[in-house]
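Subject: Structure for you to look at

Hi,

Could you open it alongside the text as you read?

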Amino acid sequence: MSVLNHAQQKAVAELLRVSPVADELGRRFAAAGHELHLVGGSVRDALLSSLGDDLDFCTDARPEQTLAVVNGWADAIWETGREFGTIGIQKNGLRLEITTFRAEAYDGVTRNPVVSYGTSLLDDLSRRDFTINAMAVSVPGHEFTDPFGGLRDLAERVIRTPATPQLSFGDDPLRMLRAARFAAKLQFTVEPSIVSTMSDMAGDLDRITTERIRDEFTKLMNSADPIAGLRLLVDTGLADRFLPEISGLKLEIDEHAQHKDVYEHTLIVVQNAMRLEGDEGPDFVLRMAALMHDIGKPATKAVGRDGRVSFHHHEVVGARLTKQRMKALKYPKDVISDVVGLVALHLRFYGYGRGEWTDSAVRRYVTDAGPLLGRLHKLTRSDVTTRNRRKAAQLAADYDALEERIARIAAEEDLAKVRPDLDGNAIMELLGVPPGPIVGQAWRFLKELRLDRGPLDRDEAEAELFKWAREQGHIS
């Protein structure tokens, strides 16, 4: 049996898993005089035995004709992509997107595609991004179509374009980012001529909207091997168009002389963080914090009289730069806040092993991290990349001790909810003041006291409140 036939059989076998829906839909289109093909990523994933519940189809039917076919059959219909020729439906738990054959192009100036309908399956496949996404299986007939050698490239684990890379990327420059993303997701190699074209055309990425770049980059970061994708972005200059801070790390020598530069250290930290993610799957916040944790180093570099390099307060500068960059990329505020918080806190642990931390310092560490504490544990451990085994073992032991200490104090106190021993109502009643700034000041004083000394009984808390109020001139 040839490789081609074996691969076709795999694709058809995987397709049969959803064929009760796909073939029924295909028969409905055929009855209406139209073609229907499973296409693109769905065929690729079927060949890789990883077909999901989101299926992509293409057809010669126009959107209004597609609607006529699926009305009364689909469990749900959405038309948000209708202007691009796409009708979405849901059937038996499957999400299906049906798109009219397209001949899509960009005019070299605008940031969005100019869509015109194609007339054949071959036209549609020829405008797709990569050969591994330019295969189709007809339904209900299950006829396999592969005009550009996608099956061969899938077997060879290589990414190529159906047309020349210049034409493909000229049509949609985002495809350069997609090449890096598929290299990261599938752990494939990008064909050398495509890498060269990505370098030559990196500036064309500026034509693409920030939102599309952000979404593609997020998918890359959440992939199986983001390091391969990141290297490709940096090596081709694409990263300079939307995340120049990462390339900038190549200019700085690692202060511990353990790595060629801070960039190489950073990639190892990202890998380490991924190993600690657990069964929850990709954690974008943790991975992004690992990627950005040292971007403040170029701006804080100093060389001492002894020739040693330092980057004092680079976590503070890095947090500010991370916030600026992620805002520019239009990430949601909560995602930005979490990543920035981790970058700002990632050095807090160092010094613990010297025995300088009091219980108060541990409480503040937990309180400042808040819901990010679990991720902060992972990021801090990931940042240990020294090849000195004794030093690495000591740092790991120190962090084990800190986590044990946190657990001990947490068992004695409710560290997750460190609050003053008196609430706002009690403060107002005891001091005889109305709601206002004084109550807030008193509340913050009591919280600091709580962090320093742990829980106080009611009498102690009231005595400290009155003492503070007298010192501040709020009561006589």
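A quick word on terms before the numbers: a cavity here is a set of grid points where a 1.4 Å probe fits but cannot get out, and its volume is the space filled by probe spheres set on those points. Also bear in mind that this is a predicted model.

**The cavity**

Searching the whole structure turns up 1 cavity of 30 Å³ or more, and the volume of the largest cavity comes out at about 30 Å³. Its lining is made of Leu230, Leu233, Val234, Ala239, Phe242, Leu243 and Ile246. By class that is 7 nonpolar residues, with no polar and no charged ones. Two helices, α11 (226-236) and α12 (239-242), each give at least two residues to this lining, and α11 has the largest share with 3 residues.

The largest pocket holds about 1,400 Å³ of space. Elements contributing two or more residues to its lining are the helices α3 (41-47), α8 (174-186) and α10 (210-221), plus the strands β2 (54-59), β4 (86-91), β5 (94-100) and β6 (102-105). In total 44 residues line the pocket, and Asp56, Glu97, Arg102, Arg178 and Lys219 are the ones nearest its centre. The lining splits into 20 charged, 12 polar and 12 nonpolar residues. Helix α8 supplies the largest share, 6 residues.

**The sheet**

Some of those strands belong to an open sheet of 7 strands, ordered β3-β4-β5-β2-β1-β8-β9 with mixed pairing. At its edges sit β3 (76-78) and β9 (144-145), each pairing on one side only.

**Helix α18**

Which residues of α18 are buried? They are Val335, Ile336, Val339, Val340, Gly341, Leu342, Val343 and Leu345. The elements covering these buried residues include α15 (284-292), α17 (314-328), α19 (359-369) and α20 (373-382).

That's what I have for now. Tell me what you make of it.

Cheers

Definitions and conventions:
Residues numbered from 1 in each chain as written. Predicted model: local features only at pLDDT ≥ 70, side-chain atom pairs only at ≥ 80, totals over all residues. Heavy atoms only, no water. Buried < 20%, exposed > 50% of the residue type's maximum accessible area, 1.4 Å probe, protein only. Helix = DSSP H or I, 4+ residues; strand = E, 2+ residues; numbered from the N terminus. Contact = heavy atoms within 4.5 Å. 1 Å grid on protein atoms, 1.4 Å probe; cavity = no way out; pocket = protein on both sides within 12 Å on 5 of 7 lines; lining within 4 Å. Nonpolar A, V, L, I, M, F, W, Y, C, P; charged D, E, K, R; others polar. Pairing = 2+ DSSP bridges.
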